[in-house]
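Trainee: Before we look at the model together, could you show me how to read its features one by one?

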Amino acid sequence: MRRFSAFALAREAMRGHSGWTEQWASPEPRKTYDVVIVGAGGHGLATAYYLAKEHGITDIAVIEKGWLGGGNTGRNTTIIRSNYLYDESAALYDHAVTLWEGLSQDLNYNVMFSPRGVLMLSHNEHDRQGAQRHIHANRLNGVDNEWLTPDECKAYCPPLNISANTRYPVIGGALQRRGGTARHDAVAWGYARAASARGVHVLQNTTVTGIRRSADGRVAGVETTRGFIGARKVGVVAAGNTSVVMDMAGVRMPIESYPLQAVVSEPVKPCFPCVVMSNTVHAYVSQSDKGELVIGAGTDQYPSYSQTGSLSIFNHTLDAIAEMFPIFRRMRMLRTWGGIVDVTPDRSPILSKTPVPGLYVNCGWGTGGFKATPGSGHVFAHTIARDEPHPINAAFSLDRFETGRFIDEAAAAAVAH
Ligand SMILES: Cc1cc2nc3c(=O)[nH]c(=O)nc-3n(C[C@H](O)[C@H](O)[C@H](O)COP(=O)(O)OP(=O)(O)OC[C@H]3O[C@@H](n4cnc5c(N)ncnc54)[C@H](O)[C@@H]3O)c2cc1C
């Protein structure tokens, strides 16, 4: 694989860019692999990459029913932050932010990580108390988070309306300066390219239709639309389709799948310098490098496997955006789409071994797993390679829904997820 560098760019510019090779290989599947990963989203591809890089396991296939990154990875609003309340969550998400900071160099691929700061607004006393509880807890965990007054919020994000006479008055905000955004497609492409360079097979347009178990109950491989593929170990990283795939192995998951939407506006010149989130009214906004406003909302209220969502959710979100940022009132929205998010009862992910020997699952990221992509892949690779969790994901086991040791970020956020 040709490395990207200023020298390589200059050389290719001189010869009409004829020397670039394919970013990743598209091989025919082998009959068996050491490890099969189901799902070529960011988490599945990152798992394969770290298995190869950190554990020397390269006999891996990542099997994807569509195109890589075509699930939630290529559909999200790209917000990255680690200011979660509980110690376990802070450790997991901050591990990811630390990896984000060096990811472009590690992958030799520009994932456009932009730590422009994430400002989470408070509109009432309940919000303020919740935000300050998070700030104190984050500081104890070494995670940056600070309280801004309304004037400081305005200075950080000039388009914000902080007048008291509004439907959603801003009484302050919690700012994580290390938070920000990254280019979601580039994350999938960068991991695929780097994994492929280490010998990983990425098999697109190949659907897993069954999970085969041997007589002793151990996983033996997967049935696919391109035939049976044997594997010593199988990692399921299928986001909104997790329940369907795990059911193939007879494992019932504590997951509900909901549509979650995003919308982008027409592009305008740079005018929005950071990410602003309002959990209470469920509206998030940032500006992409192309100039579009990237706006996110809450999930639909009903479980579904549809990749479009309800119009009512967007009406509400755009109402709120127009109220908080009056300069956007006359912007036209260009596109909207949805993804299927996998939601657990405590709104925390599952990165775990399963009751089936050789079968592992990484899911339950719900509305917020993009930010965790590098950290998730890193600790899940450890779990698969060593057959035991990394200390960072030990608490995110499947059996917490039997033992009751929840990591209840849903209640901690005090908003409908
Ligand atoms: C609209 C929206 C906005 C979001 N905003 C944010 C945000 O701002 N910040 C944030 O942190 N998170 C956000 N998220 C959540 C985030 O996108 C996800 O948590 C994350 O991308 C999950 O990554 P993944 O690799 O696990 O899943 P995916 O990218 O969905 O990958 C799973 C893959 O599995 C494949 N698959 C499923 N079944 C099979 C099968 N039977 N055979 C083969 N392949 C299969 C799918 O095709 C898919 O490509 C958002 C999500 C959505 C939908």
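Mentor: Leaving aside residues up to four places away in sequence, Ile60 touches Tyr33, Asp34, Val35, Ile37, Ala48, Leu51, Ala52, Val200 and His201, where two residues are in contact if their C-beta atoms, placed from the backbone, lie within 7 Å. Residues are numbered from 1 along each chain as its sequence is written. The model is predicted, so that local features need pLDDT of at least 70 and side-chain atom pairs count only at pLDDT 80 or more, while totals for chains, interfaces and linings use all residues.

Trainee: Which residues have the most contacts inside the largest nonpolar core?

Mentor: In soluble globular proteins, nonpolar side chains tend to be buried together. Here the largest nonpolar core has 116 residues, and those with the most contacts inside it are Val36, Val38, Leu45, Ile60 and Val62. Such a core is a set of buried Ala, Val, Leu, Ile, Met, Phe, Trp, Tyr and Cys residues joined through C-beta atoms within 7 Å; a residue is buried if 20 or more other C-beta atoms lie within 10 Å of its own, exposed if 12 or fewer, and partly exposed in between, with C-beta atoms placed from the backbone.

Trainee: Is Ile255 buried or exposed?

Mentor: Ile255 is buried, because 23 other C-beta atoms lie within 10 Å. Not counting residues up to four places away in sequence, Ile255 touches Thr242, Ser243, Asp342, Val343, Thr344, Cys363 and Gly364.

Trainee: Which domains does the assignment of the protein chain give?

Mentor: Domain bounds come from an automatic or database domain assignment. For this chain they are domain 1 (25-82 + 84-109 + 184-254 + 346-413) and domain 2 (118-177 + 257-343). The C-alpha centres of domain 1 and domain 2 lie 28 Å apart, and 24 residues of domain 1 are in contact with 24 residues of domain 2.
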